[in-house]
Amino acid sequence: MLTMAYIGNGKSTNRYHLPFVRKLADKILVKTIYQRSNSSWPELEGIHYTHDLDDILSDPEISLVAICTPQSAHYELAKTCLEAGKNVLVEKPFTNNLAQARELFEFAKSQGLVVQAYQN
């Protein structure tokens, strides 16, 4: 079972990720969703919603984090998650520039982790 979390609780998470991932409940568990502020999206049963990013970063069960935030936050959040030992899936656009993307790919590889751009 793959246990994952989402950073961001907006349209992308709720329309383009969760409907498909939740159909694979026998293979993927969405454990936690981090949101900076309260969201207008309804909370789904069985998922822990939090305003504390450390709930994801310090959870040893979570092995994959999907980042669904504005582009300006992608690089920093991806790097933070990789540093915490998490595999990362980043919404497009992946980063602000090629140098940031290269750095993330190289760091992930050096840690035995995967970082990937999301494209549905």
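Here are some friendly notes on this predicted model, point by point.

1. Some ground rules come first. The model is predicted, so local features need pLDDT of at least 70 and side-chain atom pairs count only at pLDDT 80 or more, while totals for chains, interfaces and linings use all residues. Residues are numbered from 1 along each chain as its sequence is written, and side-chain values use heavy atoms, with hydrogens and water left out.

2. A word on the annotation. UniProt, in an unreviewed entry, lists residues 4-117 as "domain: Gfo/Idh/MocA-like oxidoreductase N-terminal"; positions follow the numbering used here, feature names are shortened, and annotations may be inferred rather than shown by experiment. Over residues 4-117 the chain is 33% helix and 22% strand, with the end C-alpha atoms 16 Å apart. Helices (H or I, at least four residues) and strands (E, at least two) are DSSP runs, numbered from the N terminus.

3. Ser-12 counts as buried because its relative accessibility is 18%. Leaving aside residues up to four places away in sequence, Ser-12 touches His-17, Cys-68 and Glu-91, where contact means heavy atoms within 4.5 Å. The side chains of Ser-12 and Glu-91 are also joined by a polar contact of 2.6 Å (a pair of N or O atoms within 3.5 Å; within protein, one must be able to donate a hydrogen and the other to accept it, and residues adjacent in sequence count only if both atoms are side-chain atoms).

4. The loop between strand 5 and helix 4 holds Pro-93. A cis peptide bond joins Lys-92 and Pro-93, with omega at about -10°.

5. How many aromatic pairs are there? The count comes to 1, with rings of Phe, Tyr and Trp (its six-membered ring) pairing if their centres lie within 6.5 Å; planes under 30 degrees apart count as stacked, over 60 as edge-to-face and the rest as tilted. Phe-94 and Phe-105 have ring centres 5.2 Å apart and planes at 15°, so the pair is stacked. Phe-94 lies in the loop between strand 5 (87-90) and helix 4 (98-110), and Phe-105 in helix 4, 11 residues apart. Phe-94 is buried at 10%, whereas Phe-105 is partly exposed at 38%.

6. Finally, the structure holds 4 salt bridges (a side-chain nitrogen of Lys or Arg within 4 Å of a carboxyl oxygen of Asp or Glu). One of them pairs Lys-27 with Asp-26 at 3.3 Å. Another joins Asp-59 and Lys-31 at 2.7 Å. Asp-59 sits in the loop between helix 2 (54-57) and strand 4 (64-67) and Lys-31 in strand 2, so this pair ties together parts that are 28 residues apart in sequence. Glu-61 and Lys-31 also meet in a salt bridge, at 2.7 Å. Through shared partners, Lys-31, Asp-59 and Glu-61 form one network.

Key
Buried < 20%, exposed > 50% of the residue type's maximum accessible area, 1.4 Å probe, protein only.
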